[in-house]
Amino acid sequence: MKYRADKLFNAKKRIWELDFLRGLAILLMVFDHFMYDLSILPWFFTNFYSVMTEGMFNWWNIGYDFFTSGFRTVCHYIFATLFLLITGISCTLTHSNVVRATRLLIFAAILTAATAFADTVANLDALIVFGIIHCMAVSVFVYAAINRIFKDDVFLLAFGAAFIVAGILIPWYDMDFVVLPGGAEGFVTAIKACFGFVRAGSDHFPLFPCCGVVLWGAYIGKKFYPDKKSLLPALDGQWNSFISSVGRHTVWVYMLHQPVVAGIILFFGLINGLEVF
């Protein structure tokens with residue numbers, strides 16, 4: 001099966017299993033965010049508790065129970081790891097990683113600006129300081145630098161291990177989220193959040209340890225995809241077309257899904273008697 005060029009990553013040939021796994025990971029992330037939005041229905045609507053009876057309001061309990069469950073926590077890290085590994089593998093399939101990383105960085109900046117605006121207008125507490133797109137962009141830059149300076153692939157493993165160990169030693173996953181202050185202190189806090197020394201903003205994926213996962217993915221790509229061809233060509237077919245198509249446009253799905261999901265929830269809430277003011 002031949003796919004059209006993916007302009008974002010500047011790739012003419014696609015490896016279907018990578019697109020499929022990437023698409024699966026992003027669809028599960030969309031589901032995760034949908035459950036999160038359901039869990040914060042009281043934040044969406046000012047009169048939620050006073051009119052909560054039947055219908056969609058029962059979905060609040062489902063969303064809350066799912067999002068606060070241990071099952072969700074484990075699955076969240078598993079599929080985030082899968083997404084980062086595939087990002088690393090993809091680094092080895094193109095010669096334009098600096099361009100690719102720059103485009104991702106532009107998307108990340110737009111995302112931060114948009115969520116900052118949303119916080120200012122609606123006080124949604126949705127600011128993304130250093131999310132997964134930010135992490136991917138910087139990690140691709142790091143890969144490009146390591147790949148240019150060091151010719152032996154073992155350095156990908158070594159630097160990757162250093163990032164991962166640092167992430168384990170810095171217990172960012174157990175930290176409480178902090179509110180980003182203003183001025184110079186806010187800038188310093190944002191830099192600390194990039195590395196994982198503090199936890200700030202939503203969708204937080206610090207370089208320690210996440211960049212290490214990307215670098216290990218790059219090592220896997222070099223070892224398993226040296227010819228840049230699918231390892232499972234016989235299994236390709238129409239059955240994977242939808243998820244693979246999503247996997248070819250993950251950045252756009254990531255950028256646009258949350259307004260769509262929130263808009264759908266808002267619409268159904270309004271027609272069921274809820275109010276936003």
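## Asn97 in helix α6

Asn97 makes contact with Cys91, Val140, Tyr143 and Ala144, once neighbours within four places in sequence are set aside. The model is predicted. Asn97 sits in helix α6, which covers residues 97-122. Its relative accessible area is 7%. The cut-off for buried is under 20%, so Asn97 is buried.

## Overall fold

The chain has twelve helices and two strands. Along the sequence the pattern runs α-α-α-α-α-α-α-α-β-α-β-α-α-α. The C-alpha trace spans about 65 × 50 × 30 Å along its principal axes.

The radius of gyration of the chain is 20 Å. A compact globule of 277 residues would have a value near 19 Å, so the two agree. Of the 277 residues, 45% count as buried. Take the contacts between residues at least 6 apart in sequence: 76% of them join residues at least 24 apart.

## Helices α1 and α12

Helix α1 spans residues 16-39, and helix α12 spans residues 250-271. They pack at an angle of about 25 degrees. Their axes are 10 Å apart. Angles under 35 degrees count as roughly parallel, so α1 and α12 are roughly parallel to each other. The crossing of α1 past α12 is right-handed.

Which residues of α1 and α12 meet? On the α1 side they are Arg22, Ile26, Met29, Val30, His33, Phe34, Asp37 and Leu38. On the α12 side they are Thr250, Val253, Tyr254, His257, Gln258, Val261, Ala262 and Ile265. By class, this contact has ten nonpolar, four polar and two charged residues.

## Phe66 and Phe67 in helix α4

Phe66 lies in helix α4, residues 58-67. Phe67 is in helix α4 too. Are these residues buried or partly exposed? Phe66 has a relative accessible area of 19% and is therefore buried. Phe67 is at 22%, so Phe67 counts as partly exposed. The cut-off between the two classes is 20%.

Beyond four places in sequence, Phe66 is in contact with Phe31, Asp32, Met35, Phe71 and Arg72. Phe67 touches Asp32, Met35, Tyr36, Ser39 and Arg72, on the basis of leaving out residues up to four places away. Phe66 and Met35 are 31 residues apart in sequence, with C-alpha atoms 6.9 Å apart. Phe67 and Gln258 are 191 residues apart in sequence, and their C-alpha atoms are 16 Å apart. Gln258 is one of the α12 residues that meet α1.

Helix α10 covers residues 207-224 and includes Pro209. The peptide bond joining Phe208 and Pro209 is cis. Its omega is about 15 degrees.

Asp203 is in the loop between β2 (199-200) and α10. Its phi is near 55 degrees, a positive value in a residue other than glycine. Lys228 lies in the loop between α10 and α11 (241-247). Phi of Lys228 is also positive, near 55 degrees. Lys228 has 33% relative accessibility, so Lys228 counts as partly exposed.

Methods:
Residues are numbered from 1 along each chain as its sequence is written. This is a predicted model: local features need pLDDT of at least 70, side-chain atom pairs count only at pLDDT 80 or more; totals for chains, interfaces and linings use all residues. Side-chain values use heavy atoms; hydrogens and water are left out. Axes are lines fitted to C-alpha atoms, for helices over the stretch in contact, and angles run from 0 to 180 degrees between N-to-C directions. Helices (H or I, at least four residues) and strands (E, at least two) are DSSP runs, numbered from the N terminus. Angles under 35 degrees count as roughly parallel, over 145 as roughly antiparallel, 65 to 115 as roughly perpendicular and the rest as oblique. A crossing is left-handed if the near helix is turned anticlockwise from the far one by less than a right angle, and right-handed if clockwise. Contact means heavy atoms within 4.5 Å. Ala, Val, Leu, Ile, Met, Phe, Trp, Tyr, Cys and Pro count as nonpolar, Asp, Glu, Lys and Arg as charged, and the others, Gly among them, as polar. The radius of gyration is taken over C-alpha atoms; the globule rule is 2.2 Å times the number of residues to the power 0.38. Buried means under 20% relative accessible area, exposed over 50%, partly exposed in between (1.4 Å probe, protein chains only).
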